[in-house]
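These are my notebook entries on a single protein chain. I set down what I looked up, entry by entry.

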Amino acid sequence: MVAKVKKTLERKIYYRIKRAKVSTFIPSDFADFSDRDQVLRVLRKLIQKNIIIRVGQGVYTRARISLITKKPVPEQNLRTIAVIALKKSGVTVLPAHYEREYNKGKTTQVPTGIVIGVNKRVNKKIGFNGRFVKYEKVSNR
């Protein structure tokens, strides 16, 4: 069950998370409310209340309770979460090698979607439950 949200900063962040069209957030999304330390403190409280999940350093996503395990899981798939987080961080997302080959019809092997093409080096480790996104540096051809 989701616990009640009482405090004002916590309430503001909670309602922004609930009303947002995208379900992935980085701390700078809440910079207009308060400084980084207070925002991170509130995000940790929301994790404890199963409202959000931390899927990487500085990357959070809305949670829903799994019907099978009764534990919080991300609302969206891992690829979508990673793409949104990378775009918010200023990284250009491009089709990876296998995606380009599949789209050109050169292979029938369907890409898993866990490899994301990026335009520059990325250190963010984004994942959930032991499954992590991989990055492939791709030129803008």
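**Entry 1: a loop residue.** I began with Val22, which lies in the loop between H1 and E1. Helices (H or I, at least four residues) and strands (E, at least two) are DSSP runs, numbered from the N terminus. Val22 is partly exposed, at 34% relative accessibility. For this term I use the following cut-offs: buried means under 20% relative accessible area, exposed over 50%, and partly exposed in between (1.4 Å probe, protein chains only). I then looked up the separation of Val22 and Thr61: 39 residues in sequence and 8.9 Å in space, C-alpha to C-alpha.

**Entry 2: basis of the values.** I note that this is a predicted model, in which local features need pLDDT of at least 70 and side-chain atom pairs count only at pLDDT 80 or more, while totals for chains, interfaces and linings use all residues. Residues are numbered from 1 along each chain as its sequence is written, and side-chain values use heavy atoms, with hydrogens and water left out.

**Entry 3: the chain overall.** I looked up the secondary structure and found four helices and nine strands in the protein chain. Read along the sequence, their pattern is α-β-α-β-β-β-α-β-α-β-β-β-β. The C-alpha trace spans about 55 × 35 × 25 Å along its principal axes. Of the 141 residues in the protein chain, 39% are buried.

**Entry 4: salt bridges.** I searched the whole structure for salt bridges and found four. The criterion is a side-chain nitrogen of Lys or Arg within 4 Å of a carboxyl oxygen of Asp or Glu. I recorded the following among them.

- Glu10 and Lys49 meet through their side chains at 2.5 Å, N to O. Glu10 lies in helix H1 (residues 8–19) and Lys49 in the loop between helix H2 (36–48) and strand E2 (52–56), so this pair ties together parts that are 39 residues apart in sequence. I note that Glu10 is buried, with a relative accessible area of 3%.
- Arg16 and Asp32 form a salt bridge at 2.9 Å, N to O. Arg16 also belongs to helix H1, and Asp32 sits in the loop between strand E1 (24–25) and H2, so the pair ties together parts that are 16 residues apart in sequence. Arg16 is partly exposed at 30% relative accessibility, whereas Asp32 is exposed at 55%.
- Lys88 and Asp29 have a salt bridge of 2.7 Å, N to O. This pair links distant parts of the chain, with Lys88 in helix H3 and Asp29 in the loop between E1 and H2, 59 residues apart. Lys88 is partly exposed at 31%, and Asp29 is partly exposed at 23%.

**Entry 5: helix H3.** Which residues of helix H3 (residues 78–88) are buried? I list Leu78, Ile81, Ala82, Val83, Ile84, Ala85 and Leu86. Just after H3, I note that Gly90 takes a positive phi of about 90 degrees.

**Entry 6: the largest pocket.** I looked up the largest pocket and recorded about 240 Å³ of space in it. On a 1 Å grid over the protein atoms alone, a pocket is an open set of points where a 1.4 Å probe fits, with protein on both sides within 12 Å along at least five of seven lines; lining residues have an atom within 4 Å of a point. The lining has 13 residues, of which Gln76, Asn77, Leu78, Phe128 and Arg131 lie nearest the pocket centre. Strand E4 (72–74) and H3 are the elements that give two or more residues to this lining.

**Entry 7: aromatic rings.** How many aromatic pairs are there? I count two, taking rings of Phe, Tyr and Trp (its six-membered ring) with centres within 6.5 Å; planes under 30 degrees apart count as stacked, over 60 as edge-to-face and the rest as tilted. Tyr14 and Tyr15 form an edge-to-face pair, 5.1 Å centre to centre with 70 degrees between the planes. Tyr14 is buried at 16% relative accessibility, whereas Tyr15 is partly exposed at 45%. The ring centres of Phe25 and Phe30 are 5.8 Å apart and their planes stand at 35 degrees, so this pair is tilted. Phe25 is buried at 3%, and Phe30 is buried at 0%.

Methods: Points joined across faces, edges and corners; volume = space filled by probe spheres on them.
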